[in-house]
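Reader: I'd like to learn how to read aromatic pairs in a model. Can you walk me through it?

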Amino acid sequence: MKLKQLINHFKEMKHYFIVVVLVFGVSCYLGWANSNQYSHFLEEQMGGLKKLSQSLGSKDNPQLWFFFVIFLNNAIKSVAIIFLGLMFGIIPLFMLVANGMILGYVLSLQTQDSTISVVFKGILPHGIIEIPVILIACAYGLKLGMLVWKSGVQLFIPVEARTARTELIRILYLTKPLVVSIVALLLVAAVIESTITYWLVHM
């Protein structure tokens, strides 16, 4: 029943979904088109990922290690993004921009032919699930942040006109099936990334 309510609520979230897709797309473009300008920041972000990838690749059963690390990293971050949205939506917005710029920067380092290979072999197999799930998490984080802002503003109006707090409670109620759905989908994405994507990249 809660899952059905969540799916129905997606219709109310369409404007937030549009916003996060646009912000992610623009951030991706900025990371790609202005890679030199943001190279220091983006290289710092990429450095940790490279070290982690090299460390996992040197272990026994690297695919199993990749699965656990990818799944836990994405699941924890995605769930955290939702609830950290209560801090006025700032952190979900930052994560959205940072991830978009990193993706754009990675693509900017490729030649035209290798970009196609990276997209279809290294991103698309698992990204078709992972990216929309992360965007949904960011959208709900931004929604919670906006409701916190509205709740603060509505402290100065009559009690009977305060709707943001009620809506905030309703969204928090829906985060239960949202978190379960996100974790389940990211589990599937991690399986694909640690098997199909891993195989395609190393073939």
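Author: Rings of Phe, Tyr and Trp (its six-membered ring) pair if their centres lie within 6.5 Å; planes under 30 degrees apart count as stacked, over 60 as edge-to-face and the rest as tilted. By this rule, there are seven aromatic pairs here. In F10 and F17, the ring centres are 5.6 Å apart and the planes sit at 80°, so this pair is edge-to-face. F10, F17 and Y140 form one aromatic cluster.

Author: A word on the source: this is a predicted model, where local features need pLDDT of at least 70, side-chain atom pairs count only at pLDDT 80 or more, and totals for chains, interfaces and linings use all residues. Residues are numbered from 1 along each chain as its sequence is written, and side-chain values use heavy atoms, leaving out hydrogens and water.

Reader: How are the planes of F88 and W149 arranged?

Author: They're at 55° with the ring centres 4.7 Å apart, so the pair is tilted. F88 lies in the loop between α4 (62-84) and α5 (90-108) and W149 in helix α6, so the pair ties together parts that are 61 residues apart in sequence. Helices here are DSSP runs (H or I, at least four residues), numbered from the N terminus.

Reader: Is W149 buried, partly exposed or exposed?

Author: Buried means under 20% relative accessible area, exposed over 50%, partly exposed in between (1.4 Å probe, protein chains only). W149 has 46%, so it counts as partly exposed. F88, with 42%, is partly exposed too.

Methods
Helix = DSSP H or I, 4+ residues; strand = E, 2+ residues; numbered from the N terminus.
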